[in-house]
Amino acid sequence: MNFSKALLALAVGLGVASSSAQAALEDLGTDNSSVATAQYVGTLTGADPVINVLGVRGSVYGGLIVDNDDVDFYSFDITAPTWLKLTVTTPDGPLFGDDPIVGLFDTSGSLVAYDDDAGPGFDAFLVWEITEPGTYTAAVAGYDDFGFESLAGVSTDFFYTLQIDIAAVPVPAAVWLMGSALLGLGLTGKKRSA
C-alpha cells in the first residue's frame, strides 16, 4: 500500500472526509514547505465554511506513512471579511508528546498570528479576524518552530487534522481570543522540552 492510499484510508477512518466539509489530504509528493509553495486546499464561503486537511509530519505508524520534517503550508481563499478559526488536532496528543503549532500568514505572506497549546492537550487553536478577502496561508509546525522555518530537532512524527473554519465569534470572546493570540506571539518559553 503506498503512502497516499494509507493516508486516504486514515482520513476516511477518522471521518476527515465528511460530507459536511471540504476535505483535503496533504500531497506528500510535492513540496509544501513555504508560503510560496503552499498546497491550495479551497475557498471558505458562507455556504462552504469548513476545510479539513489531514497531514503528517515525519514518519508515523512504523514508517507506513512518511513525510519530511518540514513545516506544512496550506493556502486558501476567503471571499469576505470574517472571523477565521484554525484548529490542529493530533489523535495521539500528549500520550506521545505530539505538539503542533499553527500559524496564519496574511495575503502578503507575513506571519500575523500563531498558537501552540490553546487546544486540548498540546493541540493548537487560533481565532483571528480577517478584514480583507484574499488568499491566506495556514502553517503546521512542531514545537518549538515558532518562526515556521523547518528547524531541525522540533517535535515531529505525528499526523494531524487542520480544520480551517469560518467562525462566528461574539465580541467579548473575540477580544479574549485575539488577546490570547497576541500573547502567544510574545511568549517564547515552554513548560517542557521537546
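Student: Is Asp 165 buried or exposed?
Tutor: Before that, note that this is a predicted model, where local features need pLDDT of at least 70, side-chain atom pairs count only at pLDDT 80 or more, and totals for chains, interfaces and linings use all residues. Residues are numbered from 1 along each chain as its sequence is written, and side-chain values use heavy atoms, with hydrogens and water left out. Residues count as buried under 20% relative accessible area, exposed over 50% and partly exposed in between (1.4 Å probe, protein chains only). Asp 165 has 11% relative accessibility, so the word for Asp 165 is buried.

Student: Which residue forms a salt bridge with Asp 165?
Tutor: Side chains of opposite charge can pair when their charged atoms come close. A salt bridge here is a side-chain nitrogen of Lys or Arg within 4 Å of a carboxyl oxygen of Asp or Glu. A search of the whole structure finds one. Its closest N and O atoms are 3.4 Å apart, and the partner of Asp 165 is Lys 85.

Student: How many residues apart in sequence are the parts that this pair ties together?
Tutor: Strands are DSSP runs of E with at least two residues, helices are runs of H or I with at least four, and both are numbered from the N terminus. Lys 85 sits in strand S7 (residues 82-89) and Asp 165 in strand S12, so the parts tied together are apart in sequence by 80 residues.

Student: How many helices and strands does the chain have?
Tutor: Going from the N terminus, the elements run α-β-β-β-β-β-β-β-β-β-β-β-β-α. That comes to two helices and 12 strands.

Student: What about Asp 145: which side chain of opposite charge is nearest?
Tutor: Asp 145 lies in the loop between S11 and S12. Lys and Arg count as positive and Asp and Glu as negative, while His and the chain ends are not counted. Asp 145 is buried yet has no salt bridge; at 6.0 Å away, the nearest side chain of opposite charge is Arg 57.

Student: Which residue has its backbone nitrogen 3.1 Å from a polar atom of the Asp 145 side chain?
Tutor: Stay in that loop, between strand S11 (134-142) and strand S12 (158-166), where Phe 148 has its place. This residue is buried, with a relative accessible area of 6%. The backbone nitrogen 3.1 Å from the side chain of Asp 145 belongs to Phe 148.

Student: What is the separation between the C-alpha atoms of Phe 148 and Val 102?
Tutor: Contact means heavy atoms within 4.5 Å. Not counting residues up to four places away in sequence, Phe 148 touches several residues, including Val 71, Ile 101, Val 102 and Leu 111. Phe 148 and Val 102 are 46 residues apart along the chain, and their C-alpha atoms are separated by 8.9 Å.

Student: Which residue forms a tilted aromatic pair with Tyr 114?
Tutor: Rings of Phe, Tyr and Trp (its six-membered ring) pair if their centres lie within 6.5 Å; planes under 30 degrees apart are stacked, over 60 edge-to-face and the rest tilted. The count comes to six aromatic pairs. At 5.3 Å centre to centre and 40° between the planes, the tilted partner of Tyr 114 is Phe 146.

Key: Polar contact = N/O pair within 3.5 Å; in protein donor to acceptor, adjacent residues only side chain to side chain.
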